[in-house]
Every structure is written in C-alpha cells, then in structure tokens.
Amino acid sequence: MSEQSIFRAIADSTRRDILQLLSEREMSVNEIASNFSMTRPAIAKHLNILREGQLLKVTQKGRERIHTLTPEALKTVADWVSYYDRFWDDRLAQLKTIVEAEDD
C-alpha cells in the first residue's frame, strides 16, 4: 500500500462521504449509490480508488458485492496529521512567547 494511494483516495469529498457511510455499516454498491446523485458506474470508480488505497474490502455474498470499511489504512493519514499538529503547537507556543516578551 502506498501513501499516495491513501491520500488520493481521501482527496475527493464523495469518497470521504462513502467512507462515512461505510463507517456505519457494510453496504452493497447499490446501497452506496442510493445516497448520491450520480450513476452506479461513477460510484464504482470511487469504490475502486478506495479499494486501491486499502480503505475498504469487498466480499461476495450471493450475487452482491459487500463493501466494508478497513480503517487501519487511515493510520497513515492520522500519523501525517499528527506531525503537523505537533509542529503548529510548537510554532504557536513560540509565537506566544515572543508576543508576551514584547508586552513586557
């Protein structure tokens, strides 16, 4: 799994909405598509990108393909965001120190 495929997968708002839906329960393509005003093939393309990013898995149940969220892949995103969260905390603390020193 490449970091690039994960970030590509979450870059689109429709795909983020699909992840939100799948966080509530597993769904078929038709169930997912019923939540959007786009064609089933367009939803299928979004699902392929999410699958490439390993953010969901697909299992066959009878005639349906069921999509399930695999949130472990989001750890890469969380780690990246966490770095910048700490970075900005440090920068803002430095700024606060400078501003308070100027007030004295």
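**Close-up 1. H46 and its contacts in a predicted model.** H46 touches D12, T14, R15, I18 and M38, leaving out residues up to four places away in sequence; contact here means heavy atoms within 4.5 Å. This is a predicted model, in which local features need pLDDT of at least 70 and side-chain atom pairs count only at pLDDT 80 or more, while totals for chains, interfaces and linings use all residues. Residues are numbered from 1 along each chain as its sequence is written, and side-chain values use heavy atoms, with hydrogens and water left out. H46 belongs to helix α4; helices (H or I, at least four residues) and strands (E, at least two) are DSSP runs numbered from the N terminus. With a relative accessible area of 13%, H46 is buried. For burial, the cut-offs are under 20% relative accessible area for buried, over 50% for exposed, and partly exposed in between, using a 1.4 Å probe and protein chains only.

**Close-up 2. Helix α2 packed with helix α4.** Two packed helices are described by the angle between their axes and the distance between the axes. Here, helix α2 (residues 13-24) and helix α4 (residues 40-52) pack at an angle of about 75 degrees, and their axes are 10 Å apart. That makes α2 roughly perpendicular to α4. The axes are lines fitted to C-alpha atoms, for helices over the stretch in contact, with angles running from 0 to 180 degrees between N-to-C directions. Angles under 35 degrees count as roughly parallel, over 145 as roughly antiparallel, 65 to 115 as roughly perpendicular and the rest as oblique. To find the contact, look for T14, R15, I18 and L19 in α2, which meet I43, H46, L47, I49 and L50 in α4. The residues of this contact divide into six nonpolar, two polar and one charged. In this grouping Ala, Val, Leu, Ile, Met, Phe, Trp, Tyr, Cys and Pro are nonpolar, Asp, Glu, Lys and Arg are charged, and the others, Gly among them, are polar.

**Close-up 3. R15 and its polar contacts.** R15 is found in helix α2 and is buried, at 9% relative accessible area. Not counting residues up to four places away in sequence, R15 touches R8, A9, H46, I49 and L50. Its side chain reaches the backbone oxygen of R8 at 3.0 Å and the backbone oxygen of A9 at 2.9 Å. A polar contact is a pair of N or O atoms within 3.5 Å; within protein, one must be able to donate a hydrogen and the other to accept it, and residues adjacent in sequence count only if both atoms are side-chain atoms.

**Close-up 4. The aromatic pair of F7 and W80.** A search of the whole structure finds one aromatic pair. The ring centres of F7 and W80 are 5.6 Å apart and the planes lie at 70 degrees, so the pair is edge-to-face. Rings of Phe, Tyr and Trp (its six-membered ring) pair if their centres lie within 6.5 Å; planes under 30 degrees apart count as stacked, over 60 as edge-to-face and the rest as tilted. The pair links distant parts of the chain, with F7 in helix α1 (residues 3-10) and W80 in helix α5 (residues 75-103), 73 residues apart. F7 is partly exposed at 26% relative accessible area, and W80 is partly exposed at 46%.
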